[in-house]
Amino acid sequence: MKWPFIKLIPKNTKFGFVRFSIPAAVVSVVLCIASLVSCFTLGLNFGIDFKGGTVVEAVWDKPINLAQVRERVGNMNLRDVGVQDFQEPNQAMIRFLPPEGADASATVDSVKAELRAIMPGVKFPRVEVVGPKVSEELGTNGALALGIAIILVVLYIWSRFELQMGFGSIVALAHDIILTLGFMSITQLDFSLTTIAALLTIIGYSMNDTVVVFDRMRENMRKYKKMSFGDIIDLSTNETLSRTIITALTTFLALLGLTVVGGETMQVFTVIMLFGVFIGTYSSIYVAAPVLILWPPKRGAEKAAARTEADARP
Amino acid sequence: MLHVARWRVLAVIIVSLLGLIFALPNALPQSVRDSMPSFLPSKTVNLGLDLQGGSYLMFEVESQVVYKARLETVADDLVRELRGQKRPGELGAAKTPILFAGRGLTPDGQVARVTIQNAADVQEAIKRIQTLASPVIGLTGPTGRNDLDVKAAPGNVIEIRLTEEAKVAMTRRAVSQSIEVIRRRIDETGTKEPAITRQGVDRIVVQAPGESDPEKLKRLVGQTARLTFQMVDESVPPAEAAAGRIPPGSVLLEQPGQPGEPFVLVRRRALVTGDNLTKADPGFDQQSGEPAVTFQFDGAGGRAFARASTENVGKRFAIILDDKVLSAPSIREPILGGNGQISGSFTIESANELATLLRAGALPAPLKVMEQRTVGPELGRDSINAGATAGVIAMLLVVVFMILAYGIIFGGIAILALTINLILILAAMTAVGATLTLPGIAGLILTIGAAVDANVLIYERMREEELAGRSTALAIDAGFKRAIVTVMDANVTALLTALILFYFGAGPVRGFAWTLSIGVITSLFTAILMTQVLVAAWYRQTKPKRLPI
């Protein structure tokens with residue numbers, strides 16, 4: 001038997017990652033600027049969680065005449081009415097904002113009554129009403145969650161590694177979040193509560209990757225005291241490359257399974273996560289580490305850390 | 001060398017067994033669970049409303065209405081104080097009257113004002129009005145503060161406001177009372193147990209699982225159901241009243257379902273209110289045969305109504321529910337029995353609902369729907385099935401990949417650790433009563449992909465150590481020791497983000513945070529402890545010369 005069947009990565013790679021760090025940095029900066037421009041011009045497609053409003057999913061036993069639905073609901077003096085087909089022809093998704101000052105919850109009941117009038121026996125498997133006050137709070141909470149997550153994660157990395165590494169991780173995180181937001185803005189995917197969950201998970205994943213590389217760098221800095229910092233980065237990235245790729249692949253495979261889960265929000269979640277896994281892997285190699293070339297950690301400082309860790313070593 | 005402490009082996013075995021026992025009920029049908037001996041756990045994991053179907057409703061208590069009612073009472077009572085009249089039962093000499101004018105509430109209802117005619121009287125007036133204040137009772141007892149803040153404003157005006165403490169206490173009381181009333185109403189209908197919880201300061205969340213009609217639930221929960229009996233004001237012809245000529249002390253109310261008389265002018269003062277009802281039942285009108293609600297007053301209500309109807313024979317009174325006139329009949333003869341009937345445009349169902357609402361009592365303040373999320377049970381079942389399919393696909397892909405990448409033994413160990421990990425997550429969620437939601441399933445599936453990371457880190461390290469020339473046993477040992485630091489560091493960041501999500505997320509997203517944070521902890525256990533025990537056992541069995549990875 002010759003296990004393993006597949007050797008994805010040769011055992012000793014010697015890619016010169018640092019050599020490409022300048023073009024990579026240019027690409028990253030350009031992509032970040034493009035993402036920011038897209039966020040400010042195209043904007044994000046906020047769903048009702050953050051914008052407030054109503055979504056009604058309707059299922060009938062016959063195909064739904066969208067034009068008729070559009071006309072009837074359009075005549076109800078609602079704001080921002082949107083009617084679209086949804087998965088099957090006998091399903092429809094209706095979105096709207098209630099008239100200014102009207103009770104959103106009562107409005108949705110009258111819309112349901114109107115739809116029942118033209119489609120007897122129609123069912124509503126999903127109804128969501130989010131009032132303006134709630135959506136505002138959800139938005140504040142989402143932003144707070146992202147902000148606090150970034151601060152805590154960076155503080156943790158700073159406390160476990162060096163200040164410079166904390167800085168490198170901030171840059172990597174900002175890069176990941178900006179690019180993911182840019183991606184959401186260009187694709188106009190629905191930005192919902194689940195998106196915040198996905199963003200936080202991407203933060204966790206990306207930091208996980210960054211920590212693994214930093215961890216190896218710390219070790220190599222102790223091992224090879226004379227090696228230049230660029231070489232340390234190259235060596236550490238190469239040594240962890242096999243793990244980086246395998247973990248990215250297993251996460252990718254699991255997410256592939258998730259694509260079968262129906263529902264718009266879950267599909268969006270999966271797409272964002274797939275994008276995030278890719279970006280997070282890239283940023284640990286080409287954002288977090290190269291920042292350290294610009295601002296390398298002091299080579300004496302790791303000695304103190306080495307002593308505290310010495311007991312753990314065999 | 002490669003010595004694994006016995007407690008580690010024991011811990012792995014015991015925790016895995018406990019995990020199996022707690023997770024098992026989830027895989028068994030209800031009938032088997034019911035017949036299991038009682039010492040075995042039979043709890044299954046809580047499913048979120050997005051998976052089992054149901055309605056989530058968040059209401060806000062409009063406490064402004066309660067504040068306004070209190071200030072209205074104060075504005076009425078201060079008349080007596082300023083005139084120097086004695087309160088019922090008060091001893092001592094009557095005080096000198098203070099002249100005043102322009103008494104009333106500001107349009108937003110948050111300030112009561114009165115203008116004193118004589119500037120010299122303002123201080124005395126403030127002193128008298130302050131006697132109307134009552135102490136604020138906080139959560140832990142009296143706060144030592146009064147509920148009214150009485151101040152002089154320019155132009156001999158006295159302004160009366162509620163203190164912040166009073167507002168907080170009144171809101172808290174209104175929410176508690178509302179929850180009581182809602183619970184009574186829901187108990188009356190005997191529907192499947194909805195959960196009613198207070199959220200924040202002034203909010204109430206009602207979660208009703210299963211096949212439920214959100215519209216009916218909203219009517220049942222959200223209706224104030226304040227019933228009053230008030231005299232109709234016939235001093236002004238209806239047409240003039242509709243045109244805006246409304247006498248002081250009266251108010252024009254809508255009468256839906258009566259095209260002949262869409263508005264009725266009624267006296268503000270209520271003769272009797274719904275608080276005085278002892279019974280309310282759906283029934284039929286004797287004459288028309290249409291659905292109606294019959295009721296009975298308590299002693300005080302019966303006497304008050306008897307007196308009012310005796311004094312007003314020939315005139316009309318109005319039965320009013322939440323500021324809408326249900327009917328406005330004429331009093332043909334004194335109504336002395338304390339019984340009555342409300343007819344109007346009822347269906348059997350709406351008569352039934354009204355009777356239920358009246359029996360359970362009125363809400364202290366109106367409730368406003370802030371958020372509503374309803375998922376049909378079929379959609380929930382579909383989501384569970386899709387989630388299960390996704391999980392199986394993800395698991396298969398990862399299993400095949402791990403075996404291809406690390407071989408039967410090390411790949412197999414990683415998969416066993418992963419399987420136990422999933423079982424432990426389910427067991428932990430079942431045991432602590434966490435809620436599994438659709439995003440939670442996504443979290444589980446993501447865990448399938450991410451949890452093997454720890455195994456990958458450990459294996460890769462072993463591989464390296466062996467390449468560096470160590471013996472197999474030393475390579476294994478060093479692989480674990482060095483990788484664990486990395487695994488810990490890497491997982492702490494994941495745990496941090498999951499905990500933040502748990503704190504800030506609502507509903508389904510919180511379910512995601514549950515599975516993610518539990519998953520991080522269990523994966524540390526399975527990846528580090530369990531993998532170590534299994535690899536050590538394998539090593540002792542086979543004594544290999546080389547690592548098969």
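I began with a definition: two strands pair if DSSP finds at least two bridges between them. Helices (H or I, at least four residues) and strands (E, at least two) are DSSP runs, numbered from the N terminus. The model is a predicted one, in which local features need pLDDT of at least 70 and side-chain atom pairs count only at pLDDT 80 or more, while totals for chains, interfaces and linings use all residues. Residues are numbered from 1 along each chain as its sequence is written, and chains are lettered from A and ligands numbered from 1 in the order in which they are written.

**Entry 1**

I looked for pairing between chain A and chain B. Strand β5 (123-130) of chain A is joined by five bridges to strand β19 (residues 367-375) of chain B, and the two run antiparallel. Within β19(B), I found B:E371 as the bridge partner of A:V130. I noted the general rule that strands of a sheet pair through backbone hydrogen bonds, either parallel or antiparallel.

**Entry 2. The contact of the chains**

I next asked how many residues each chain gives to the contact. Chain A gives 64 residues and chain B gives 68, where two residues are in contact if their C-beta atoms, placed from the backbone, lie within 7 Å. On the side of chain A that touches chain B, the elements giving two or more residues include α4, β5, α7 and α8. The largest share of that side, 14 residues, comes from α8(A). By class, the side of chain A has 39 nonpolar, 14 polar and 11 charged residues. For these classes, Ala, Val, Leu, Ile, Met, Phe, Trp, Tyr, Cys and Pro count as nonpolar, Asp, Glu, Lys and Arg as charged, and the others, Gly among them, as polar.

**Entry 3. Helix α8(A) against α12(B)**

The axes of helix α8 (residues 229-258) of chain A and helix α12 (residues 438-467) of chain B come within 8 Å and cross at roughly 160 degrees; axes are lines fitted to C-alpha atoms, for helices over the stretch in contact, and angles run from 0 to 180 degrees between N-to-C directions. This angle makes α8(A) roughly antiparallel to α12(B). The scale counts angles under 35 degrees as roughly parallel, over 145 as roughly antiparallel, 65 to 115 as roughly perpendicular and the rest as oblique. The crossing is right-handed; a crossing is left-handed if the near helix is turned anticlockwise from the far one by less than a right angle, and right-handed if clockwise. Among the residues that meet are A:I246 and A:L253 in α8(A), and B:I445 and B:V452 in α12(B). The residues of this contact divide into 13 nonpolar, six polar and five charged.

**Entry 4. Helices α3(A) and α4(A)**

I then examined a pair inside chain A. Helix α3 (residues 66-74) and helix α4 (residues 104-118) of chain A pack at an angle of about 140 degrees, with their axes 10 Å apart. This makes α3(A) oblique to α4(A). Their crossing is right-handed. From α3(A), the residues A:Q68, A:V69, A:R72 and A:V73 make the contact, together with A:V111, A:E114, A:L115 and A:I118 of α4(A). I recorded five nonpolar, one polar and two charged residues here.

**Entry 5. Strand β16(B)**

Is strand β16 of chain B buried or exposed? Five of the five residues of β16(B) (residues 317-321) are buried, so the strand is largely enclosed by the rest of the structure. A residue is buried if 20 or more other C-beta atoms lie within 10 Å of its own, exposed if 12 or fewer, and partly exposed in between, with C-beta atoms placed from the backbone. B:F317, B:I319 and B:L321 are on one side, and B:A318 and B:I320 on the other.

I checked the partners of this strand. Strand β11 (residues 227-232) of chain B pairs with β16(B) in the antiparallel sense over five bridges, and B:F229 stands opposite B:I319. Three bridges join β16(B) to the antiparallel strand β17 (residues 324-327) of chain B, where B:V325 is the bridge partner of B:I320. The hairpin of β16(B) and β17(B) has two residues between the strands, and B:D322 takes a positive phi near 50 degrees.
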